[in-house]
Amino acid sequence: MTDHVVIVGGGTGGTVLANNLANRLEPELDAGDVRVTLVNDDPDHVYKPVWLYVPFGQREPADGRRALDELVDDAIDLTIDRVSDIDTESQRLQFEGRTPSVDYDYLVLATGSTLEPDQIPGLAEGGHDYYSESGATALRDELLTFTEGELVLSVIGSPHMCPAAPLEFVFMADDWFRERGLREDVDITYTYPIQRVHGNPHIAEWARPIMEERDIQVETFFNADAVDPEAETITSMEGTELDFDLLVGIPPHGGVDLVESVGLGDDGWVDVDKHTLEAEAAEHVYALGDTADTGVPNAGSVAHYQAGVVGQRLASEIRGRPPTATYDGKTLCFIETGMDAASFVEFDYENPPSPAPPSEKLHWSKLAYNESYWLTARGLL
Amino acid sequence: MTTIEPDETVDARGAACPGPLMDLIGKVRSVDSGDVVRLLSDTDQSHTDVPEWVEEAGNELVAVEELDDYTAFYVEKA
């Protein structure tokens, strides 16, 4: 009998897991005892961290795209289609396209985050973002010609992908305008939904004085309620109104609707055991990356480490051994603090982050990792 | 024990800070004025950040109920 593992989602988590299993289960795959299928609704894999640099004219969206069939081991079956239904009782998937329904023995959901700007009236028309290819290029077109006025970055949705990226954007923008002699003509304001500048209190405590030093205005307890694209204002649930000439909004995020409709969790996030990553509402189902509701950041490093854990657990289960690998909350992030300097944090469920002093070396480390990411996707790094 | 009947409940037990407050804000965003949202949280930080945000946003914290190993916060949307 052949065990069939189906991974839904070809982002960082799904792709790293597919290649991890190709390596880990090579004898079983060769013998036909195991099949691994990776399902994605796009033939390309997209590496989203590239988008932070697009508005500043430093990278192109194409730098973050590669064909999945070039990244994924030949031992993996690749299906380009979109899953339309999951029956966790009969362990069967249906597809929107022409792919026939598929039975699974083990299912891994790595469907990631989607943007939901329409939750905030006026945001799609009046705001820009760098959390999508189209958003990053549209923002680039505005930012490259922006020489004076009010630049507002508003963190609207939480959780959102890459919690460090809003801080990085305002730090980079500050430095970028300063280097070009425009900073005195550009006001930068950063808004955050809670009483500090970042969800993690240790990172917030580190970032706030840097913002003060660099004259980045801060509005906390600011939960955007509506954007008026004509008047160029953004108002909050708390009653604050800000004028802007250029609004960069981190839109509300959600997971895929399917997760909620099949009863695996709310808002598209799968309820999981935060150590084993097993779904709470169904047998033989795992979730990883943004999709797994673990409370850790929605970050590529998290998906990468979780993929290693799920890979080990699946291999143990397939070989009839008790799975023992667990996820400890490990998260790793570089944080750009300008155009030529970055910090770095590493933390887990038990140990809080302690941001490293910003340096040029860490900035180059970040850029070097972004280049070598393709080795991570291949399961090599 | 409170007799207030919430219109919506957000169960954020097990979520680390700032999850419970963000979950509360998200729910308050989606309900109508006058509705009561009940937040269940087992994070100590909620005792300070929930009242702080409720006041900032002009809503009302109508009851706080201490239960076995968690707290229920009842917030009425202005």
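**Exercise 1. Describe how α1(A) passes α9(A).**

Step 1: handedness. The crossing of α1(A) and α9(A) is right-handed. A crossing counts as right-handed if the near helix is turned clockwise from the far one by less than a right angle, and as left-handed if anticlockwise. Helices here are DSSP runs of H or I with at least four residues, strands are runs of E with at least two, and both are numbered from the N terminus.

Step 2: the model. This is a predicted model, in which local features need pLDDT of at least 70, side-chain atom pairs count only at pLDDT 80 or more, and totals for chains, interfaces and linings use all residues. Residues are numbered from 1 along each chain as its sequence is written, while chains are lettered from A and ligands numbered from 1 in the order in which they are written.

Step 3: geometry. Two packed helices are described by the angle between their axes and the distance between the axes. Helix α1 covers residues 12–24 of chain A, and helix α9 covers residues 300–318 of chain A. Their axes come within 8 Å and cross at roughly 35 degrees. Axes are lines fitted to C-alpha atoms, for helices over the stretch in contact, and angles run from 0 to 180 degrees between N-to-C directions.

Step 4: residues. Among those in the contact are A:Val16 and A:Leu17 of α1(A), and A:Ala303 and A:Leu314 of α9(A). Two residues are in contact if their C-beta atoms, placed from the backbone, lie within 7 Å.

Step 5: classes. The contact of α1(A) with α9(A) has eight nonpolar, eight polar and one charged residues. Ala, Val, Leu, Ile, Met, Phe, Trp, Tyr, Cys and Pro count as nonpolar, Asp, Glu, Lys and Arg as charged, and the others, Gly among them, as polar.

**Exercise 2. Describe the packing of α1(B) and α2(B).**

Step 1. Helix α1 (residues 19–30) and helix α2 (residues 46–56) of chain B pack at an angle of about 30 degrees. Their axes are 9 Å apart.

Step 2. Therefore α1(B) and α2(B) are roughly parallel. The cut-offs are under 35 degrees for roughly parallel, over 145 for roughly antiparallel, 65 to 115 for roughly perpendicular, and oblique for the rest.

Step 3. The crossing of α1(B) and α2(B) is right-handed. α1(B) brings B:Pro20, B:Leu21, B:Leu24 and B:Ile25 to the contact. α2(B) brings B:Ser46, B:Asp49, B:Val50 and B:Trp53.

Step 4. The residues of this contact divide into six nonpolar, one polar and one charged.

**Exercise 3. Which pattern does chain B follow along the sequence?**

Step 1. Chain B has two helices and four strands.

Step 2. Read along the sequence, they give β-α-β-α-β-β.

Step 3. The C-alpha trace of chain B spans about 30 × 25 × 20 Å along its principal axes.

**Exercise 4. How many helices and strands does chain A have?**

Step 1. Chain A comes to ten helices and 23 strands.

Step 2. Its C-alpha trace spans about 70 × 40 × 35 Å along the principal axes.

**Exercise 5. Find two backbone features in loops of chain A.**

Step 1. The peptide bond from A:Ser158 to A:Pro159 is cis, with omega near 5 degrees. A:Pro159 lies in the loop between β11 (149–155) and α6 (165–179) of chain A.

Step 2. A:Gln91 is a residue other than glycine, yet its phi is positive, near 60 degrees. A:Gln91 lies in the loop between β6 (83–87) and β7 (92–95) of chain A.

**Exercise 6. How many residues does each chain give to the contact of chain A and chain B?**

Step 1. Chain A gives eleven residues, and chain B gives 14 residues.

Step 2. The side of chain A that touches chain B has four nonpolar, six polar and one charged residues.
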